Amino acid sequence: MKPLDSETIETPSQLFKHGFVHSVYFWLKPELGEDEVGEFESALRLMVAESEFATTGHIGQPAGTDREVVDNSYDYSLIVTFDNAADHQAYQDEEPHDRFRVVAKKFALRVLIFDSQA
């Protein structure tokens with residue numbers, strides 16, 4: 001498979017600028033109350049805000065699109081970009097991420113991660 005580059009995509013506005021994308025999907029424990037879900041979301045937002053290495057971040061919930069190929073079964077998604085794989089690794093080892101892992105372990109039933117690199 002040919003790697004994507006600026007010639008593969010027609011216009012510069014279509015080219016994603018960051019070299020490493022970390023996509024994480026969370027399925028929360030079904031018995032969680034509203035306060036616990038709020039604690040999870042707040043911890044997720046704090047981690048992204050405090051990260052020294054994340055270039056951009058997106059926190060979302062399923063859009064509810066109804067197509068056979070769409071999986072809407074998760075509760076939260078996190079997409080974080082980094083300039084490179086080294087910055088991603090530094091993020092894995094930094095304090096905000098370590099603090100969030102404790103919360104995620106407490107509230108998440110399942111976590112699925114997709115990392116991609118341009």
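R101 counts as partly exposed because its relative accessibility is 37%; partly exposed lies between buried (under 20% relative accessible area) and exposed (over 50%), with a 1.4 Å probe and protein chains only. D98, with a relative accessible area of 33%, is partly exposed as well. The two residues form a salt bridge in which the closest N and O atoms are 3.1 Å apart. A salt bridge here is a side-chain nitrogen of Lys or Arg within 4 Å of a carboxyl oxygen of Asp or Glu. R101 and D98 are three residues apart in helix α3, so about one helical turn separates them. Helices (H or I, at least four residues) and strands (E, at least two) are DSSP runs, numbered from the N terminus.

## Basis of the model

The model is predicted: local features need pLDDT of at least 70, and side-chain atom pairs count only at pLDDT 80 or more, while totals for chains, interfaces and linings use all residues. Residues are numbered from 1 along each chain as its sequence is written, and side-chain values use heavy atoms, with hydrogens and water left out.

## Network around R99

The structure holds five salt bridges. E50, E95 and R99 are linked in a network of such bridges. Between E50 and R99, the closest N and O atoms are 2.1 Å apart. This pair links distant parts of the chain, with E50 in helix α1 and R99 in helix α3, 49 residues apart.

R99 also meets E95 in a salt bridge, at 4.0 Å from N to O. Both of these residues lie in helix α3, four residues apart, about one turn of the helix.

## Helix α1

Helix α1 covers residues 34-50, and its 17 residues should span 24 Å at 1.5 Å a residue; the expected span is 1.5 Å times one less than the number of residues. The end C-alpha atoms are 24 Å apart, which agrees.

In α1, F40, A43, L44, M47 and V48 are buried. They cover an arc of only 130 degrees around the axis, so they lie on the same side of α1; the arc is that of the directions from the helix axis to the C-beta atoms. On the other side of α1, E34, D35 and A49 are exposed. The buried residues of α1 pack against β1 (20-28), β2 (56-60), β3 (76-82), α2 (85-92) and α3 (95-107), where contact means heavy atoms within 4.5 Å.
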